[in-house]
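Hello,

I am passing on a structure for you to look at.

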Amino acid sequence: MIRHRILAATAATGLAALALSGCVAKADVAPQGALTVTSTDTSCDVSTAKATSGTLSFDVTNSSSQVTEFYLLADDGLRIVGEVENIAPGAERSLTVVAQPGSYFTVCKPGMLGDGVGKAAFTVSGEAVAATGDDAEQKQKAEDLYGAFVKAQVEQLVPAVDTLVAAYESGDDAKAKELFPATRAFYERIEPVAESLGDLDPRIDYREVDAKAEGLDWTGFHRLEKDLWVPAQDALNSDGETPAWKDWAPSTPEERKSYGDQLIADVAQLNTYVHSDDFAAALKAQGIAGISNGSIALLDEVAKGKISGEEDWWSGTDLWDFTANVEGSKMAFSLVKDFADAKGDTGKKLVTEIQQGYDDLDAALAKHGSLTAGFVNYSALTEADKREFTDLINALAEPLSKLTSTILE
Amino acid sequence: MITNEKTDPTLAHDPQSAPTGLSRRGLLGLAAGVGAAGLAVGAGAGSIAGVAAGRQKAGDAAASVFPYFGAHQAGITTPVQDHLHFAAFDMMARTNRDDLVELLQDWTYAAARMSQGLDVSATGSVGGSPEAPPDDTGEALGLAANGLTITIGFGPTLFETEDGTDRYGLAARRPASLQKLPPFLGDDLIPGLSGGDLFVQACADDPQVAVHAVRNLSRIAFGRAKLRWSQLGFGKTSKTTADQATPRNLFGFKDGTANILADDADALAAHVWVGAEDEPAWMAGGSYLVARKIAMRIETWDRLRLSEQERTFGRDKGEGAPLSGGKEQTAPDFHATGATGSPAIDARSHVRLAHPDLNDGNRILRRGYNYVDGNTALGTLDAGLFFLSYQRSPEQFVRLQKALATDLMAEYVTHVGSGVWAVPPGAAAGSYVGAGLFA
């Protein structure tokens, strides 16, 4: 079991203590009785909200009417420490994790969509657990957790898109504009996965200039965006050249229904894919290098499209995308960092530099808002702000680019 | 000075030539458990392999190699190469003294290798893990050293920020003369083209080699120092050896006829190198660099009649001879008069105002380049002189520039960028540039 909390709270326990672990040497850990979880359609009851560090076993009973999942999340509510999925109604499955001291969340997800029900704090106290384990097992676990993370994001993307599209199609533009950036965040956290899928990302996330360049019908998020943030008559597209109103007019209600339903269908297809054997096989084929490279790819997304403010040309919501890319990158890093950490002083230094890089970037982003409270419009950023982001991304991406080779050594 | 040797033996075999800081940046690959000594052995072996793989161009002029280590940094009296890439850096927030020292060690190591025609590290452009980006960016593969020199120095703000913060515990060691240059008449300085905690001057006879050097040093600096501004230059505007022809600037005139030459030891000691008796002691053998980006009003100048152009310079355009007569190397006679009885060399001409005889013998070593940065928004050529001068004290430049306040040329130029840096002495083999500052 990989321990992968990366927040400051755990840093205090010392990196050395946070060694790789897969199966715990049982003798080293105080035995604890199994915790029970009951997942219903509206609740997620865990027998206790406190436990002692070490091996924890959650016996999950599905009392809901749908297939359910159970997650143990890190205290950012984003990173998955452990999960068990595909629990049929009436069935029971167990999740076993090695829990380090810290704050967590438990949550169930009946129907395997959305952000779940019964989210509750869960506290682990005690000493950091030194654990041992087989390397291949650790790598398998990291791959599984990354797969779980991708699935969890898409599962939240599906209902978020439903709500966004409902507002868009019904003409409730104010609501749709509010939902737009937060909905995209689920997609942006896993962007490289979606982009690996031939024609799906073009349909979901192409900008107008991209679709035109490739001769495609322009659909997806950015089509909605331009309808919601209608450009001025003399505005130019993101190529800085084409008039915004050339070959474009605000969508009619019928067109809105068409684009909206298309987005729902495309996102559903993405959800089907990430739950398919093909996706599992792709993850397995890439191994942990795929996770590490995904972490790098997400930062490249930031450097390429977000810093320039060309991603969300009409809405100016680039900082949401930016932050979600960074979160996805950080998540992937958290899953593989222990492998780098185990590679002697060089690996430890690399991990420290990368961690510092994320911390500095997070701090710079926090000056402009947050995903929950909202960000300033990208147009409000000064050139100096953008320069700072560029420098911090360079500072992070340079050591991060060495992560894969370090892990594979 | 010039050798065609491919490697500097001291670089290849001195175990200390790979500072520990390099392992931090992974420049030598990320072999787990290999200590500094082990890395250095790897560097030595790689030096040889690197030559064999990439730089087999012995015997031609492009293979000029200048020693990196020595009493003075290369790139000052070195015969002026044809191309320049100059870069000013600022240290990043949250860096400490150790970060600065490691950066200088890493830069020294990479600069020493590149100046010998090698990749930045042993694994270099293509010898590392296929799963990692190469240490070296690769565009100089197959190119010889081309006389590459890399010169590094420290700006006033490295010692103390403008609001008085001593970030690296260096304020007490700041040379008293290392102060931001005073304003001069006609300055129109752009802050983004001025100053910088550090500078890197890369000169080479091939522009790609010079750009490769700055690009890789910038990359090595990521997270520690960030690029503040940079400048490409071509067509050297000064010579530092007698056998080099005096080059022309973009006004079409020979420039730097009276420059201090590399073999003039007395003049170098008097005007360029910081002496052992000068303060501070860590600067002995070093120098001070002044950079001025001087934009030229090319279109206006080109419409100026020849006689007026010559009056402005005080020299004739074809030969470069002083208007008082003779040839290029003839000393100007400021008392000579023309047919009308007025001075042959105008009192406000560039040659007269800048001449040592009228400046109490004050001289500097010029090493500037022409630049053309495309065009301005108004459609004029964005061009001029990237002036570089090395001197024993920045005061020499200040006096000279003040003397040029009434220069006839001022009508055709605007100073848009400015910087001054302390240039420490050369590194001893196994040490790093600026080590004396931290000793």
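The notes below cover a helix pair and a sheet.

This is a predicted model, in which local features need pLDDT of at least 70, side-chain atom pairs count only at pLDDT 80 or more, and totals for chains, interfaces and linings use all residues. Residues are numbered from 1 along each chain as its sequence is written, while chains are lettered from A and ligands numbered from 1 in the order in which they are written.

Helix pair. Helices (H or I, at least four residues) and strands (E, at least two) are DSSP runs, numbered from the N terminus. In chain A, the axes of helix H9 (residues 277-306) and helix H10 (residues 318-341) come within 8 Å and cross at roughly 155 degrees. Axes are lines fitted to C-alpha atoms, for helices over the stretch in contact, and angles run from 0 to 180 degrees between N-to-C directions. H9(A) and H10(A) are therefore roughly antiparallel (angles over 145 degrees). Residues making the contact (C-beta atoms, placed from the backbone, within 7 Å) include A:Ile288 and A:Leu298 of H9(A) and A:Phe322 and A:Val336 of H10(A).

Sheet. Chain A has an open sheet of 5 strands in the order S3-S9-S8-S5-S6, with mixed pairing; two strands pair if DSSP finds at least two bridges between them. Strands S3 (50-52) and S6 (80-87) of chain A each have a single partner strand, so one side of each is left without a neighbour in the sheet. On average, neighbouring strands of this sheet are turned by 20 degrees against each other, direction ignored. S3(A) runs parallel to strand S9 (residues 117-125) of chain A, joined by 3 bridges. A:Thr52 stands opposite A:Ser125 in S9(A).

Regards

Notes
Parallel < 35°, antiparallel > 145°, perpendicular 65-115°, else oblique. Contact = placed C-beta atoms within 7 Å.
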